[in-house]
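Subject: A structure for you to look at

Hello,

Here is the structure I promised to pass on. Please open it alongside this message, and I will walk you through what turned up.

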Amino acid sequence: MVNLRAYRHLLFAVLLWIPIAAWSQEKDDLRNLSFFTESYPPANFLVNDNITGYAVDILLEASRLVGEPIEMNQLTLQPWARSYRRVLTQENSVLFSTTRSEHRENLFQWAGPIADIKVVVLARKDSGIEIEKPMDMASYRIGVIRDDIGEQSLLAMGIPRDSMQEASYVTVLAEQLMKKRIDLLVYSQRAAFWWSRQVNVDPEMFQPVYIVREGEVYFAFNKSTSTDVVEKLQRGLDLLKSTQGESGMTLYEEILAKY
C-alpha cells in the first residue's frame, strides 16, 4: 500500500527542486550575461549603429557552438573607462577585447585569447629601413596617434618627441607613409592594415620593422561571475579554433581573414 504522506513529501520536494534547478541553469547561461566593449577596429566597432568586428564575430560564433547563442542586445559599446569600471563591479558582465596583463590578472576571470595584438613600427617595403634597437628610430620621421599606446611606448623608450609627428587618425598616417611624408608609422599592426584599406591604401606596401609591444586580448569576466559560464565560453572558443570550415581554414581563421 502506498504511504500517502511519504508520497506527498516526495512530490513537494520534486516541485521545489524544479524551479531551483531551472534558476541555476539560467544563471550559468551565456545568454544571461552583459558584454561591454569600445570602438577599436577591426576588433570591435560600429557600422551603421551596429556593433561588429572580429571579436564580436568570435563571441557570437563561440556561443553558438556551445548551444547558447548570444544576442546582439547583450552587447554595449561605450567609452573604455566606463566599460572597465562597469565590469569590475557588476556580476555577470564581460569586458572585451581586454589585454591580459600582470596588473589585471587577478581583477577578472579570463576566456581566450581572442587574438594576439602587436604594436609595431611600419615602414614602406621599398624604404630599406632597418630598426635593430629603439634609438635607431630617432633619426626618422615617426607618425604616431596622439596619446596612443604606441606614442607612450616610444616616449618610455627614450625616443625624443620632436622625432614624432602626431595625428588623430591612423588613416592620415597611412596616407602620409604612402606618400613618403613620414618614414615610420607606429600602431597596432592589424588595426593599421584595416584602416589603410578604408582609404584605399594597400597595406602590402608596408612591413613591420620593429615590435614595440605585443600581447593577447581576452574576454574579461567580473570576478563574481560563475566559473561554469566562463569555462563554457572557453570551450566555445576552443571549438572555434579546432573546427575546420568550408575554406579549409578553421572557423576562427575564417573570421580573422574577413578583417
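To begin with, how much space lies in the largest pocket? The answer is about 830 Å³. Please keep in mind that this is a predicted model.

The lining of that pocket is made up of 32 residues, and those nearest its centre are Y40, T99, I117, S188 and V217. Helix 6 contributes the most, with six residues. Sorted by class, the lining holds 15 nonpolar, eight polar and nine charged residues.

Another spot worth a visit is a helix pair. The axes of helix 2 (residues 54–65) and helix 7 (residues 227–242) come within 8 Å and cross at roughly 100 degrees. Angles of 65 to 115 degrees count as roughly perpendicular, so helix 2 is roughly perpendicular to helix 7. On the helix 2 side, I58, L59, E61, A62 and L65 take part, and they meet L233, G236, L237, L239 and L240 of helix 7. The residues of this contact comprise eight nonpolar, one polar and one charged.

Finally, a word on confidence. The protein has a mean pLDDT of 89, with 90% of its residues at 70 or more. Residues 9–25 are another matter: the pLDDT there is below 50, and the stretch has zero contacts in the model beyond near neighbours in sequence. Where pLDDT is low, predicted coordinates should not be read in detail.

Enjoy exploring, and best wishes

Conventions:
Residues are numbered from 1 along each chain as its sequence is written. This is a predicted model: local features need pLDDT of at least 70, side-chain atom pairs count only at pLDDT 80 or more; totals for chains, interfaces and linings use all residues. Side-chain values use heavy atoms; hydrogens and water are left out. Axes are lines fitted to C-alpha atoms, for helices over the stretch in contact, and angles run from 0 to 180 degrees between N-to-C directions. Helices (H or I, at least four residues) and strands (E, at least two) are DSSP runs, numbered from the N terminus. Angles under 35 degrees count as roughly parallel, over 145 as roughly antiparallel, 65 to 115 as roughly perpendicular and the rest as oblique. Contact means heavy atoms within 4.5 Å. Ala, Val, Leu, Ile, Met, Phe, Trp, Tyr, Cys and Pro count as nonpolar, Asp, Glu, Lys and Arg as charged, and the others, Gly among them, as polar. pLDDT is the predictor's confidence in each residue, from 0 to 100. On a 1 Å grid over the protein atoms alone, a cavity is a set of points where a 1.4 Å probe fits but cannot get out, and a pocket is an open set with protein on both sides within 12 Å along at least five of seven lines; lining residues have an atom within 4 Å of a point. Grid points are joined across faces, edges and corners, and a volume is the space filled by probe spheres set on the points.
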